[in-house]
Amino acid sequence: MSFKARPKAVRDAVRFRFRGADVALRQFLPRATVLDWLREDVGAKGTKEGCAEGDCGACTVVLARLKAGRLTHEPFNACILLLGQLDGAELITIEDLVSGGELHPLQQAMVEAHASQCGFCTPGIVMSLFAAYHSERPVTYAGLCDQLAGNLCRCTGYRPIIAAALEACAGEPADRFAATSEERAAALAALADDSDVFVGDEAVFFAAPASLDSLAALYARFPDATLVSGATDVGLWITKQLRDLKRVIWLGRVAGLDAVGESADGAVSLGATLSLEDATPSLGAIHPDLTELLRRFGSKQVRASGTVGGNIANGSPIGDLAPALIALGGRVVLRKGERTRALPLEDFFIAYGKQDRGPGEFVLAVEAPRLAPHQRYCAFKVSKRFDEDISAVMLAVRVDLDGRRVLGARIACGGMAATPKRAENAERALAGANLDQPASWRAARAALSQDFTPLTDMRATAAYRSAVAANILEKALVEVSGAGAPTRIGMLHAAE
Ligand SMILES: Cc1cc2nc3c(=O)[nH]c(=O)nc-3n(C[C@H](O)[C@H](O)[C@H](O)COP(=O)(O)OP(=O)(O)OC[C@H]3O[C@@H](n4cnc5c(N)ncnc54)[C@H](O)[C@@H]3O)c2cc1C
Ligand code: FES
Ligand code: FES
């Protein structure tokens with residue numbers, strides 16, 4: 001099977017490191033998950049299944065990967081991670097932590113702090129903490145709260161768990177993984193190649209093209225294939241909707257598709273497969289509200305896997321990045337075959353479940369303009385919980401100023417309509433307002449009700465959504481005017 005007119009090497013196996021050895025898998029269903037493989041094929045039952053939808057963290061495993069030559073350790077939800085996504089990584093599970101009959105320092109600290117009762121969550125919690133153990137120092141209380149946002153413990157409570165982690169992570173990592181980090185990095189480097197991967201046949205396959213040209217050619221040939229980036233949405237189609245995906249094209253091997261760069265007009269360009277975790281520094285450099293937003297996007301596990309492109313391409317009316325980037329004046333860049341086009345992000349979302357993306361076309365990058373000196377920006381996520389929750393309402397606003405006069409504004413909302421959408425009436429009402437005269441911006445608040453007719457669902461009532469969106473817009477304007485200091489829930493969290 002060659003992907004392109006000019007054929008190059010195609011590998012017929014997915015390869016990864018597991019328990020000190022290379023594994024090559026030539027036969028597996030494209031929809032197979034890492035959790036199913038571990039529990040059913042390997043018989044490694046330490047990794048648990050709780051929710052099977054990425055929420056509880058019972059299934060947390062760690063993937064070690066080389067990123068820019070550095071060995072990284074990140075937690076993933078094995079229940080919604082496709083087996084093929086392991087290609088090129090080292091898979092570490094709870095069974096691997098004991099060394100020479102001795103518990104890992106984290107496990108020992110958990111025992112001593114009485115940090116486990118029924119124990120069901122414990123393997124997942126230890127694996128999330130294992131990723132923190134191998135992260136940069138210092139490991140802080142606030143950092144650990146964030147690390148555990150995607151791990152649900154119903155019995156013990158987090159106090160002794162965090163106490164155990166603080167104790168174990170006080171010094172530099174000193175386990176057998178740290179002692180062998182050079183050999184492990186060399187083994188991963190030896191796995192790396194630039195082959196396209198194709199496992200299966202034309203009817204049922206897991207493919208992982210290695211270049212943009214290979215991807216474009218393969219997707220043009222199989223436009224009905226399911227593109228998978230981080231699988232934090234697609235994984236749930238498998239575990240919850242029981243969809244039997246026959247043709248899967250995973251984007252995670254495409255060289256350069258996760259690059260951060262700059263567009264011709266100076267906007268920050270985020271490659272489609274850039275993980276939400278890795279996108280955070282670039283977006284946070286545009287405005288700190290984007291750091292806060294991304295910290296509250298799912299959990300560490302979801303952000304390690306989920307991608308910028310997946311969050312836009314899924315067309316979700318409650319996706320967090322779309323309104324945040326629409327307000328900035330963001331663009332989406334698409335590619336089909338040899339042809340590339342860019343369009344304003346708001347124009348990509350046509351109707352519920354319908355985006356401006358043709359057969360065989362894929363998201364190449366998302367561009368986020370930087371703020372000019374005369375522009376102000378605020379983004380707010382309102383959800384029932386601080387951590388790991390989908391927005392009931394997401395509102396972002398960019399205000400362009402001439403001194404104290406509002407020249408114009410871009411206001412975008414999620415959760416208020418069938419698509420992420422601009423509030424054009426409110427934007428018009430705001431133009432010409434004076435920041436020193438609150439009465440002049442109140443019309444924008446009122447105009448929001450002409451822009452949106454939100455729904456009532458399990459996250460919020462229509463009335464709540466309308467009221468909260470108007471309140472947030474007013475809060476944003478109070479902040480921009482300087483009459484009130486910015487306040488975000490995360491500020492309290494970080495101060496703990
Ligand atoms: C527990 C949990 C918490 C979550 N919390 C949040 C949250 O707080 N905020 C939020 O917005 N979302 C949240 N999500 C949803 C999801 O994580 C995000 O939408 C994520 O960004 C999807 O990215 P992905 O790479 O995993 O997409 P995938 O699951 O790989 O793909 C999603 C869709 O996009 C398509 N696709 C992917 N990449 C491309 C591409 N390059 N070109 C064309 N099509 C493509 C796929 O075919 C699929 O239709 C959460 C999900 C879970 C499971
Ligand atoms: S089983 Fe709950 S996150 Fe995987
Ligand atoms: S110890 Fe029982 S769920 Fe955490």
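Mentor: Let us begin with helix α14. Eight of the eight residues of α14 are buried, so this helix is largely enclosed by the rest of the structure. Please keep in mind that the model is predicted.

Trainee: Which residues of α14 are buried?

Mentor: They are Leu 321, Ala 322, Pro 323, Ala 324, Leu 325, Ile 326, Ala 327 and Leu 328. After α14 comes Gly 329, which has a positive phi near 90 degrees.

Trainee: Which residues does Ile 312 contact, leaving aside its neighbours within four places in sequence?

Mentor: Ile 312 is in contact with Leu 321, Ala 322, Val 332, Leu 345, Phe 348, Phe 349 and Val 366. A contact requires heavy atoms within 4.5 Å.

Trainee: Why is Glu 427 called buried?

Mentor: The term applies under 20% relative accessible area. Glu 427 has 8%, and therefore it is buried. This residue lies in helix α16, residues 424-430.

Trainee: How do you know that the side chains of Glu 427 and Arg 422 make a polar contact?

Mentor: The cut-off for a pair of N or O atoms is 3.5 Å. The side chains of Glu 427 and Arg 422 are joined at 2.8 Å, so the pair meets the cut-off. If residues up to four places away in sequence are not counted, Glu 427 touches Ala 409, Arg 410, Ile 411 and Arg 422.

Trainee: Is Ser 211 buried or exposed, and why?

Mentor: Ser 211 has 19% relative accessibility; because the limit for buried is under 20%, Ser 211 counts as buried. Its place is the loop between β8 (205-208) and α8 (212-221). The side chains of Ser 211 and Ser 214 make a polar contact of 3.0 Å. Not counting residues up to four places away in sequence, Ser 211 touches Asp 196, Val 254 and Ala 255.

Trainee: What makes Glu 388 buried?

Mentor: Glu 388 also has a positive phi of about 50 degrees, and it lies in the loop between β18 (375-382) and β19 (393-402). Its relative accessible area is 9%, under the 20% limit, so Glu 388 is buried.

Trainee: Why is the peptide bond from Arg 137 to Pro 138 described as cis?

Mentor: The omega of this bond is near 0 degrees, and the bond is cis. Pro 138 is placed in the loop between α3 (122-133) and α4. Helix α4, residues 141-147, holds Cys 145. At 14% relative accessibility, Cys 145 is buried because the value is under 20%.

Trainee: Let us turn to ligand 1. How many residues surround ligand 1, and which are the closest?

Mentor: There are 35 residues around ligand 1, and the closest are Leu 227, Ser 229, Gly 230, Thr 232 and Thr 307. By class, this shell has 15 nonpolar, eleven polar and nine charged residues.

Trainee: Which polar backbone atoms lie 2.6 Å, 2.9 Å and 2.8 Å from an oxygen atom of ligand 1?

Mentor: An oxygen atom of ligand 1 is 2.6 Å from a polar backbone atom of Leu 227. For Ala 231 the distance is 2.9 Å, and for Asp 320 it is 2.8 Å. Taken alone, ligand 1 exposes 980 Å², of which the protein buries 94%. The elements giving two or more residues to the shell are β9 (226-228), α9 (234-239), α13 (308-313) and β17 (361-368).

Methods. Residues numbered from 1 in each chain as written. Chains lettered and ligands numbered in written order. Predicted model: local features only at pLDDT ≥ 70, side-chain atom pairs only at ≥ 80, totals over all residues. Heavy atoms only, no water. Near = heavy atom within 4 Å. Polar contact = N/O pair within 3.5 Å; in protein donor to acceptor, adjacent residues only side chain to side chain. Areas by Shrake-Rupley, 256 points an atom, 1.4 Å probe, with all protein chains shown as cover. Helix = DSSP H or I, 4+ residues; strand = E, 2+ residues; numbered from the N terminus. Nonpolar A, V, L, I, M, F, W, Y, C, P; charged D, E, K, R; others polar. Buried < 20%, exposed > 50% of the residue type's maximum accessible area, 1.4 Å probe, protein only.
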